[in-house]
Amino acid sequence: MDQFLLSVIAFLIVLGPLIIIHEIGHFVACRLVGVTVLEFGIGLPPRALKLFERNGTQFTLNWLPLGGFVRPLGEDFVRPLSPDATEAEKKAYTQYQTELEAVGKKSKQPIRGVMDVGPWQRMLFLVAGAGMNFIGAIVILTLTAMIGIPSPAPVVAGFSPTSPAASAGFKFGDVVVAVNGVAVKDSQAVEEALNANNSKPVVVTIERSGEKRDLTINPTEKSFSPKQSPMVLGVSPDSPAAGVFEEGDVILSINGKAVSLNDSLLKAVQENAGTPTKVIIYRNGEQKEVEVTPRKDPPQGQGPIGISLAQLTYNLTYGISVLDSTNSAITQLPLGEAIPYGFERTGFILRQLIEFPVELVRGLRTIQEARPVSIVGITQIGTQALTRSLETREPHWILNFAALISIALGFTNLLPIPGFDGGRILFVFVEILRGKPMNPEREGMIHFVGLMIILGLFVILVINDVVNPIGQVIR
């Protein structure tokens, strides 16, 4: 299928509905607290056409396909109107109701502006958009679980040659079944079980070539390996890495210097561009030395060597790294199990978003992972997810992506930034503390400046995503 057509489809089936879901949250909350809704817009102005009118609200289609909006009485998109402007809108809406009644359409809406309700009611209106995105993610992930999700299997992805794990006899690809007799379902459960043993000997049950066996790890005081090391996920054809690296290789050092997935690896590779470079890797339980010559001017979408990487995090007590396998059997969960999965998975993704800045500062995340993306970049990743779902006939790729974007959309809107819902919530808190609202003109100016900055950043991100497209993320 044509790549452009896939991008359009990805946008329409992911971003479009999620934005509308967000605005539906605001719309329903307005109705619940009794605030008049003048317009529900799909896209941003200027208006293309009026779709229909229902209960006094105009539903419109607008020319800029970059979102949507709910315009309650007494508010101009993200800023409250002055009392005089609000009164003028009330008179105009009263006239509009009269015109509707003249043609036999009676509006059921009360005439009430945003500032006519209390601060806690306005808080509900502002939070409802993000809340609906979180609910939408739970529903999407619940349906995903019922349709079919991969059953993650914790697999040994690496261990230091001098570690207790190596002495215990582990091999790359061993599937971890249990720790001290307690079954583990994913890599996180393995890590928690190892940490719970408090540096004591631990019995790990693994499955290898269809057979189960118990391996005992006896920790020592010796330092085993760096906490993090990069593992090769893929090798680009016709690149310097082709024929040198293999999927699953763990990179330990470059020209004798230990590296990790963050800037140290990238810096080492760039410093050796055009020069034969010795790389120590860990492959299938053995340490090997390979040689590669990084390119000075790699083609678009590739790095100097031509490999994609994942970050391994080692348990330093036992010297082992476990990842969840990506080639797992598809499991369909019944509704009773799918609903808890939807809640748990949504909470997990939300925690990751909250913890990401802290991990970035601590060096546990790379600058590349922190790259902000625009609607163009999101669509590029969505296209990859849609392509993978079509190729594998497994809907969970595109559905999981939709859930992630829904959560990210809700989370971002709650940030205390002027122009966002979170910025407006901040002003409501200030109003509660002061006992009176801020001057509408002053608050409006702050939101306007915030919006201008956001739009400027949006343009920069769009240009960056067009000039430097997002590389392969969905594998």
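Asp-421 and Arg-424 both sit in helix 10 (residues 421-434), three residues apart, about one turn of the helix. Helices (H or I, at least four residues) and strands (E, at least two) are DSSP runs numbered from the N terminus.

This is a predicted model, where local features need pLDDT of at least 70 and side-chain atom pairs count only at pLDDT 80 or more, while totals for chains, interfaces and linings use all residues. Residues are numbered from 1 along each chain as its sequence is written, and side-chain values use heavy atoms, leaving out hydrogens and water.

## Other salt bridges

Side chains of opposite charge can pair when their charged atoms come close. The structure holds nine salt bridges. One of them joins Asp-116 to Lys-90, with the closest N and O atoms 2.7 Å apart. This pair links distant parts of the chain, 26 residues apart: Asp-116 is in the loop between helix 2 (83-102) and helix 3, and Lys-90 is in helix 2. Asp-116 counts as partly exposed because its relative accessibility is 43%, whereas Lys-90, at 18%, counts as buried.

Arg-213 pairs with Glu-211, the closest N and O atoms being 4.0 Å apart. At 34% relative accessibility, Arg-213 is partly exposed.

## A nonpolar patch on the surface

Ile-135, Val-139, Leu-143, Met-146, Ile-147, Leu-335, Ile-339 and Phe-343 form a nonpolar surface patch with about 710 Å² of accessible area together. Patches are made of residues with over 30% relative accessible area and no salt bridge, joining like charges within 9 Å and nonpolar side chains (Val, Leu, Ile, Met, Phe, Trp, Tyr) within 5 Å. Areas come from the Shrake-Rupley method with a 1.4 Å probe; for residues, only the protein chains shown count as cover.

Helix 3 (119-147) and helix 7 (335-361) each supply at least two residues of the patch, and the largest share, five residues, comes from helix 3. Met-146 has its place in helix 3 and, at 34% relative accessibility, counts as partly exposed.

Notes:
A salt bridge is a side-chain nitrogen of Lys or Arg within 4 Å of a carboxyl oxygen of Asp or Glu. Buried means under 20% relative accessible area, exposed over 50%, partly exposed in between (1.4 Å probe, protein chains only).
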